[in-house]
Structures are given as C-alpha cells and as structure tokens.
Amino acid sequence: MTDLNARIGETRATLERIARDFSPAVFASSLAAEDMVVTDMILKAGLPIAIFTLETGRLHQETLAVLKQIKATYDYDIALYRPRPELVDEYVTRNGLNAFYDSVEMRRECCRIRKVEPLGRALAGHKAWVTGQRRAQSTTRAELAVQEDDAAHGMVKFNPLADWLEADVWDYIREGAVPYNALHDRGYPSIGCEPCTRAVQPGEDVRAGRWWWENPDSKECGLHLVDGKLVRIKSVAA
Ligand code: SF4
C-alpha cells in the first residue's frame, strides 16, 4: 500500500498542478476503471477540470450505465460528445454498419468519425487534456509519459496514471468504493465500443480484446496518433 499511497499523492499533485497552471483543462474519460480513479480524484477535490466522454453511438449498455452511477455518486453530469450524424450516415450508407471489420483503413475511418472528430471539438479552446492511460496497458503505450507535448492538438497532454499498475487501480477503486463498469467483472479489462471489444482470457494482454482481429501494433484509435501514424510523443517534463 506504501507504493500506492505514493502514487496517489503524486497523481493528486499532478491534477492540482493541471488545474492551477493549465486552465482550462479537460479530462477525456472512457468510463473505464482507470478513468474512474481520475474522475474520483477530480470530483472529490472539486478541481476545475471538466470531464467529458465520447458517446460514439456504439457503446455497451454497461458503459452508458456508468454515467448514471457517476451522477448518483458525485452528482456530476459527464459531458457527452457525439459524432456528426451526417458523417455516420455517409459511412454506413457507403460501407455498411460494421465495415470496420473489413480493413484497418475502414476501422480507422470509423474511429475518425465517431471518436477523433468529436475529440477535436471537445478539446478545442483548452490548454491541456488529461487521460487515464497507463504505460503497462499495451505495447503501444510503453513510452507513455506523465506529461507530453501533444503537437497534433496544439496543447499539453497529461497521463497522471502513467506509472500505475492494474493492481493499483483496483486497490484504489475497492478502497474508495468507486463506481466502475460492470463489464470489468466479466473479463473485459479494456472497454471500447461494443462491436470492437471482446472479453480476454486470463494471462492475455489487457488490450488483447480491443480490435482483436488486427495486429497489436496498430491497436490505437487515432486519439493518440499524429497524422494517422503512431508516434512517440515528446515528453516535456517528468
Ligand atoms: S471502436 Fe469500432 S465502432 Fe468504435 S469508433 Fe472505432 S471502429 Fe467504430
């Protein structure tokens, strides 16, 4: 618990620094376990960091239920950013509802319409954004720093849980009775859109259930990519 207490202290200090020095800042929550840790810290401390999620139109009912759990626990409404209906209609009409299974390009185009474009709107006008990403989550996140220069969005990106382990996340949640997505108890360590997420077997990589039909090196949705390519984002501070 000593290591966890130290991580909690550092994470709270990072969030306080973001609120103080990088206002206005926003937290992009995917409503997964890590994001609930950050949500709990922001809302319990009353920090002026707005929280939003990308409501892609393809989320699990269990994920949408987390919005109600947050409202009941913290009396807070997470802001919802949805894709532009005309872009979704055009994609579905031209390619089919589930064309993301056909190729990496089709999958990235769906993510671009349902996630990347709404993310751009959600981040506009802010100095910094916060994520719940952890270094240990996958090979694509091995270089993750607590603070990064996000050139694609022209702002600073913070990953305050970068050095947290999965056990830390669950110790924090259980200790603080923090609400969480019921899918985590059914073999889903990482949760995205319903058609693109499956449960994983014990011992599998925590992100093995995301876009499982693709190569592990291509498994990011574009939210943390620059110009459509996975890049190592420059760290500007520890
Ligand atoms: S995760 Fe799947 S359904 Fe969701 S936006 Fe990406 S390709 Fe589309």
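The ligand is surrounded by 13 residues, and the closest are Cys110, Cys111, Arg114, Cys193 and Cys196; a residue is near a molecule if its C-beta atom, placed from the backbone, lies within 6 Å of it. This is a predicted model, in which local features need pLDDT of at least 70, side-chain atom pairs count only at pLDDT 80 or more, and totals for chains, interfaces and linings use all residues. Residues are numbered from 1 along each chain as its sequence is written.

**Ligand shell**
- The shell around the ligand holds seven nonpolar, two polar and four charged residues.
- Ala, Val, Leu, Ile, Met, Phe, Trp, Tyr, Cys and Pro count as nonpolar, Asp, Glu, Lys and Arg as charged, and the others, Gly among them, as polar.

**Nonpolar cores**
- The largest nonpolar core has 37 residues, and those with the most contacts inside it are Phe27, Val37, Ile49 and Val130.
- Helix H2 (residues 33-45) gives the most to this core, six residues.
- Apart from this core lies another, of nine residues, including Leu59, Cys110, Cys111 and Ile113.
- A nonpolar core is a set of buried Ala, Val, Leu, Ile, Met, Phe, Trp, Tyr and Cys residues joined through C-beta atoms within 7 Å.
- Not counting residues up to four places away in sequence, Val130 touches Ile18, Ala25, Phe27, Ala28, Val38, Ile49, Phe158 and Pro160; contact means that the C-beta atoms of two residues, placed from the backbone, lie within 7 Å.

**Helices H1 and H6**
- Helices (H or I, at least four residues) and strands (E, at least two) are DSSP runs, numbered from the N terminus.
- The axes of H1 and H6 come within 11 Å and cross at roughly 80 degrees.
- H1 is therefore roughly perpendicular to H6, a term for angles of 65 to 115 degrees.
- Axes are lines fitted to C-alpha atoms, for helices over the stretch in contact, and angles run from 0 to 180 degrees between N-to-C directions.
- Leu4, Arg7 and Ile8 in H1 meet Asp168, Asp171 and Tyr172 in H6.

**Backbone details in loops**
- The peptide bond from Ser23 to Pro24 is cis, with omega near 0 degrees, and Pro24 sits in the loop between helix H1 (2-21) and strand E1 (25-28).
- Asp75, in the loop between helix H3 (61-74) and strand E3 (79-81), has a positive phi near 55 degrees although it is not glycine.
- Trp211, in the loop between helix H6 (166-176) and strand E7 (235-237), has a positive phi near 45 degrees.
- Asp75 is exposed, with 8 other C-beta atoms within 10 Å, whereas Trp211 is buried, with 24 C-beta neighbours inside 10 Å.
- Buried means 20 or more other C-beta atoms within 10 Å of a residue's own, and exposed means 12 or fewer, with C-beta atoms placed from the backbone.

Methods
Parallel < 35°, antiparallel > 145°, perpendicular 65-115°, else oblique.
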